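Subject: The structure I promised you

Hi,

Here is the structure we talked about, ready for you to open. Have a look around first, then come back to my notes below.

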Amino acid sequence: MTVPDSSAFGPAGAASPRGSAGPAGSSTGPAGSTSAVGPAGAGGPVRLDGPWTHRDVAANGARFHIAEMGEGPLVLLLHGFPQFWWTWRHQLPALAEAGFRAVAMDLRGVGGSDRTPRGYDPANLALDVTGVIRSLGEPDAALVGHDLGGYLAWTAAVMRPKLVRRLAVSSMPHPRRWRSSMLSDFAQSRAGSYIWGFQRPWLPERQLVADEAALVGRLVEEWAGPRNPEFPDEETLAVYRRAMSIPSTAHCSIEPYRWMVRSMARPDGVQFNRRMKRPVRVPTLHLHGSLDPAVRTRSSAGSGQYVEAPYRWRLFDGVGHFPHEEDPIGFSTELINWLKDPEPDR
């Protein structure tokens, strides 16, 4: 397994994935899609068919696409990079069957949500999340976030604690822990070197969409662990490549990471970092793959110091950056058992 570095985001057209999808329309993929990056089925590249329903909701001055299933307490699922709501396709039915209202949203600028010209700092993106909770008519939600979605889940729990009932984060340390690890831990800085590569203008966007978003497939493949050889398959990679190929998606996907780095020495970044000193005061479940090459286990493991509530750490052996897709049954079981546990500190 290799860790992609910033050179992957060099001159456009330089990257090509291992085992990339074939020509458009070559075979049928999951949820009625095709295995290539060409046109999808009737649901389009984002509204993929399944047992869930699709609709749009308004929040924080923008429109957000959601997929939802079930009835009961709200569980809001937040995706990471380079994915969209569909990454939670295994958890949506599992949570619904367990008695929850499961909702997976597309973050601002991704999937079926609005691509606004600004608003990609974590504070505003967290307000998107809490705004969606209000738009769904719920008093609060259990937030489940992966990667960038986990960063925003941490942020929302600090900024709007009354709207967050519980917090579950996968493959992402607390924002203050992420910042210190990227600046002081050489191994983490190297593992996250793709983020440094994002800081260049224009080229990263061009690289992400070059050759039908081939680099997206390469990143998902290289960030996955060896435990599940069936993930990712060509059909799954094709879905993510097709979603990234939607105009403006690559630029909007990179913007949050640009803010996270460029703001470190700016007043807005310093203020955000100070704001995140406030402890998380809701029960927190922290999940991580033991072989995650993008976010090191050591970087995430120190996040409990920012939680003044029951905190549970779970490590998935042999799993990489995508525990919810690499081990969907184990991940869903862990999450549901924790959500139903009235004493999560045990």
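You'll find E138 in the loop between α2 (122-135) and β5. Its C-alpha atom is 8.8 Å from that of L163, a residue 25 places away along the chain.

Before going on, please keep in mind that this is a predicted model.

**The big picture**

The chain has 346 residues, and 60% of them are buried. It is built from 13 helices and eight strands. If you take contacts between residues at least 6 apart in sequence, 76% of them join residues at least 24 apart.

In general, nonpolar side chains in soluble globular proteins tend to be buried together. Here the largest nonpolar core holds 101 residues, and L76, F84 and W85 are the ones that touch the most other members. Helix α3 (residues 148-159) gives this core its largest share, nine residues.

Leaving out residues up to four places away in sequence, W85 touches V46, L48, W52, H54, H65, A67, H79, L92, A104, M105 and D106.

**Two helix pairs**

First, look at α2 and α3. Their axes are 9 Å apart and pack at an angle of about 80°. These two helices are therefore roughly perpendicular to each other. On the α2 side, the contact uses P122, A123, L125, A126, L127 and T130, and these meet Y151, L152, T155, A156 and M159 of α3. Sorted by class, that contact has nine nonpolar residues, two polar ones and no charged ones.

Now go to α7 (residues 203-223) and α8 (residues 234-244). Their axes come within 8 Å and cross at roughly 135°. That angle makes α7 oblique to α8. The crossing of α7 past α8 is right-handed. From α7, the contact takes in L208, V209, D211, E212, A213, A214, V216, G217, V220 and E221, while α8 brings L237, Y240, R241 and M244. The residues here divide into nine nonpolar, one polar and four charged.

While you're at α8, see how it sits in the model. Nine of its 11 residues are buried, so α8 is largely enclosed by the rest of the structure. The buried ones are T236, L237, A238, V239, Y240, R241, R242, A243 and M244. What covers them includes α7, α9 (249-262) and α12 (323-326).

Most residues other than glycine have a negative phi, and most peptide bonds are trans.

- The peptide bond from F81 to P82 is cis, with omega near 0°. P82 is in the loop between β3 (74-78) and α1 (91-97).
- The bond from F231 to P232 is also cis, this time with omega near -5°.
- D147 is not a glycine, yet its phi is positive, near 55°. It belongs to the loop between β5 (141-146) and α3. D147 counts as buried because its relative accessibility is 2%, and the cut-off for buried is under 20%.
- D211 has a positive phi too, about 55°, and is not a glycine either. D211 lies in helix α7 and is one of the residues in the contact with α8.

**One last residue**

Is H321 buried or exposed? Its relative accessibility is 0%, so H321 counts as buried. You'll find H321 in the loop between β8 (311-316) and α12. Leaving out residues up to four places away in sequence, H321 touches H146, D147, S171, W223, D292, P293, A294, V295 and E326.

Cheers

Conventions
Residues are numbered from 1 along each chain as its sequence is written. This is a predicted model: local features need pLDDT of at least 70, side-chain atom pairs count only at pLDDT 80 or more; totals for chains, interfaces and linings use all residues. Side-chain values use heavy atoms; hydrogens and water are left out. A nonpolar core is a set of buried Ala, Val, Leu, Ile, Met, Phe, Trp, Tyr and Cys residues joined through side-chain atoms within 4.5 Å. Buried means under 20% relative accessible area, exposed over 50%, partly exposed in between (1.4 Å probe, protein chains only). Helices (H or I, at least four residues) and strands (E, at least two) are DSSP runs, numbered from the N terminus. Contact means heavy atoms within 4.5 Å. Axes are lines fitted to C-alpha atoms, for helices over the stretch in contact, and angles run from 0 to 180 degrees between N-to-C directions. Angles under 35 degrees count as roughly parallel, over 145 as roughly antiparallel, 65 to 115 as roughly perpendicular and the rest as oblique. A crossing is left-handed if the near helix is turned anticlockwise from the far one by less than a right angle, and right-handed if clockwise. Ala, Val, Leu, Ile, Met, Phe, Trp, Tyr, Cys and Pro count as nonpolar, Asp, Glu, Lys and Arg as charged, and the others, Gly among them, as polar.
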